Amino acid sequence: MERARISMSNSQRADSSDAPRLSARPKRTIRRGVIGILHDAGRYLLIQRAPGVALGGAWCFPGGHIEPNENARRAVIRELHEELGIHVRPFHRLGVVAGRPDVMLAIWLVERVAGAFRPRECEIADMAWLTGEQIRAHPRGLPSNLPVVDRLEAWRRNGAIQGDD
């Protein structure tokens, strides 16, 4: 029995609309992280990332990644203790922003309940209390700072943060 040979040119193969299209890009894994917002009299704590870490020299809100089997509330408590040496109580979640296309950051308002600020030098080069306007204008600020400031200002306009003038 003879088998029929069907031959297609390369252009016919490439133009075939019935062929499934395969993406050359692998699916991105979305990583989850947290930001802890400390506030005092209309100013917010930002940290400058140490030179040896990712995005070294950039200014951002303190925080970090969420460990497997950890929720965002526990992660912000752990991260601020590891980075700053303080104990915090998260009291309000302001939502989520994209740190990068593959990183989603939960924003938590926190209050310091214990501990003195002792930044880990391997992670933090400096820290400063800045207003929303100063954060927006900072030349080394991360782009993710801007939507966080938008949410903080909306929160303040609603009168939810007490003691800020």
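**Layout and an aromatic pair**

Tutor: The protein chain has 4 helices and 8 strands, where helices (H or I, at least four residues) and strands (E, at least two) are DSSP runs numbered from the N terminus. This is a predicted model, in which local features need pLDDT of at least 70, side-chain atom pairs count only at pLDDT 80 or more, and totals for chains, interfaces and linings use all residues. Residues are numbered from 1 along each chain as its sequence is written, and side-chain values use heavy atoms, leaving out hydrogens and water.

Student: Which pattern does the protein chain follow along the sequence?
Tutor: The order is α-β-β-β-β-β-α-β-β-β-α-α.

Student: How many aromatic pairs does a search of the whole structure find?
Tutor: The search finds 1 aromatic pair. The ring centres of F117 and W129 are 6.4 Å apart and the planes lie at 85 degrees, so the pair is edge-to-face. Rings of Phe, Tyr and Trp (its six-membered ring) pair if their centres lie within 6.5 Å; planes under 30 degrees apart count as stacked, over 60 as edge-to-face and the rest as tilted.

Student: Where do F117 and W129 sit?
Tutor: F117 is in the loop between β7 (103–114) and β8 (124–130), while W129 is in strand β8, 12 residues apart.

Student: What is the relative accessibility of F117?
Tutor: F117 has 25% and counts as partly exposed; W129, with a relative accessible area of 27%, is partly exposed. Buried means under 20% relative accessible area, exposed over 50%, and partly exposed in between (1.4 Å probe, protein chains only).

Student: What share of the protein chain is buried?
Tutor: Buried residues make up 34% of its 165 residues.
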